[in-house]
Amino acid sequence: MASTKMKIKKSAEGGHDVMVLAKHPMETGLRKDKKTGEKIPAHFIKTMEFALNGTAVAQADLGTGVSTNPLISIHLANSKSGDTVTVSWVDNMGESDSAEKTVS
Amino acid sequence: MKRRIFLKGSVAASTLAVAAGAGLLSPTRVLAAAWPESAFGPRPEAEALEAFFGSSDVVESDEVSLKAPLQAENGAVVPIKVMTSLADVESIGVIVVKNPAPFTTGLEVMGGGAGAMYSARIKMGQTSPVNCYVKAGGKIYMTSQEIKVTVGGCGG
């Protein structure tokens, strides 16, 4: 079910902007099911890690306050053509997904 | 401060997390320890700052900028973008003051030239100031902008 897409764009200031779109419900745990009246349990991405050529460069910490299907982007100043960018996320229910792309 | 050192030490461990992403290891164990649980949740701003940055001494700075709409039509999806010209960025944090869980998201930088920009789409329950914090060189800098919300987002 999980799908994670990544886009890498060349940045005007040098380096690249990495944009990640993860498909995820990001439930807050505060909503109620309209039909049954039961609470929908919280389900959200906790951490999203970015790695450049296998070395971790940054980790985004997410909570329930991030929108459904999070779109996260960061800037990498040291990336160059041919580098590999990997992104992987883990949610509070232990689900995870990752994506990998080569900088063009 | 201790957490920072721990994080730097865990860079080697985080390469493991990449392997975990590929499904080789149980990912919850590898990453869950690094999620700053004590910053999230219904905590006041100062407490969240203390938990995430290790300090709540903050200086306002125009080297941190926040790009966000003045008015959001839909509180469930508010695009925000934090940019900074500061060097040696260690972490970035975003706090929506009037949300039930004010600390919304953060970025921890481990090197490799990351940290000049962080953008995400956040939920906002009501009109509120959005505070952005950037920790660089051991100091915390901030900027703030009020975003007006016409339809709430915390209900989903």
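Predicted model: local features only at pLDDT ≥ 70, side-chain atom pairs only at ≥ 80, totals over all residues.

B:Asp88 sits in the loop between strand E4 (78-84) and strand E5 (89-96) of chain B, and although B:Asp88 is not a glycine, its phi is positive, at about 55 degrees.

A:Met26 likewise has a positive phi, of about 50 degrees, without being a glycine, and its place is in the loop between strand E2 (16-22) and strand E3 (45-52) of chain A. Is A:Met26 buried or exposed? A:Met26 counts as buried, because it has 23 C-beta neighbours inside 10 Å and the cut-off for burial is 20 or more.

## Chain A

Chain A contains 0 helices and 7 strands, so that its pattern, read along the sequence, is β-β-β-β-β-β-β. The C-alpha trace of chain A spans about 55 × 25 × 20 Å along its principal axes, and of its 104 residues 44% count as buried. Among the contacts in chain A between residues at least 6 apart in sequence, 53% join residues that are at least 24 apart.

A charged residue, A:Asp97, belongs to strand E7 (residues 96-102) of chain A, and A:Asp97 is buried because 21 other C-beta atoms lie within 10 Å.

## A sheet built from both chains

Which strands make up the open sheet of 6 strands, and in what order? The order is E1(A)-E2(A)-E5(A)-E7(B)-E4(B)-E2(B), with antiparallel pairing. Strand E1 (4-10) of chain A and strand E2 (64-67) of chain B stand at the edges, and because each has a single partner strand, one side of each is left without a neighbour in the sheet. From one strand to the next, the twist averages 15 degrees.

The two chains are joined in this sheet where strand E5 (residues 71-76) of chain A runs antiparallel to E7(B), with 3 bridges between them; A:Ser73 has B:Ser119 as its bridge partner in E7(B). Within chain B, E4(B) and E7(B) pair in the antiparallel sense over 6 bridges, and the partner of B:Ile80 in E7(B) is B:Ala120.

## Interface and core

How many residues of each chain take part in the contact between chain B and chain A? On the chain B side there are 45 residues, in contact with 40 residues of chain A. The elements of chain B that give two or more residues to this side are helix H2 (11-21), helix H3 (27-32), strand E6 (103-109) and strand E7 (114-122), and E7(B) gives the most, with 9 residues. By type, the residues on the chain B side divide into 27 nonpolar, 15 polar and 3 charged.

The largest nonpolar core has 60 residues, and those with the most contacts inside it are A:Phe50, A:Val57, A:Ala58, A:Ile74, B:Val82 and B:Val134. The largest share of this core, 6 residues, comes from E7(B). In soluble globular proteins, nonpolar side chains tend to be buried together. Leaving aside residues up to four places away in sequence, A:Ala58 touches A:Phe50 and A:Ile74 in chain A, and B:Leu107, B:Glu108, B:Val109, B:Met110, B:Ala114 and B:Gly115 in chain B.

Conventions. Residues numbered from 1 in each chain as written. Chains lettered and ligands numbered in written order. Contact = placed C-beta atoms within 7 Å. Helix = DSSP H or I, 4+ residues; strand = E, 2+ residues; numbered from the N terminus. Pairing = 2+ DSSP bridges. Buried ≥ 20, exposed ≤ 12 C-beta atoms within 10 Å, placed from the backbone. Core = buried A, V, L, I, M, F, W, Y, C linked by C-beta atoms within 7 Å. Axes fitted to C-alpha atoms, helices over the stretch in contact; angles between N-to-C directions.
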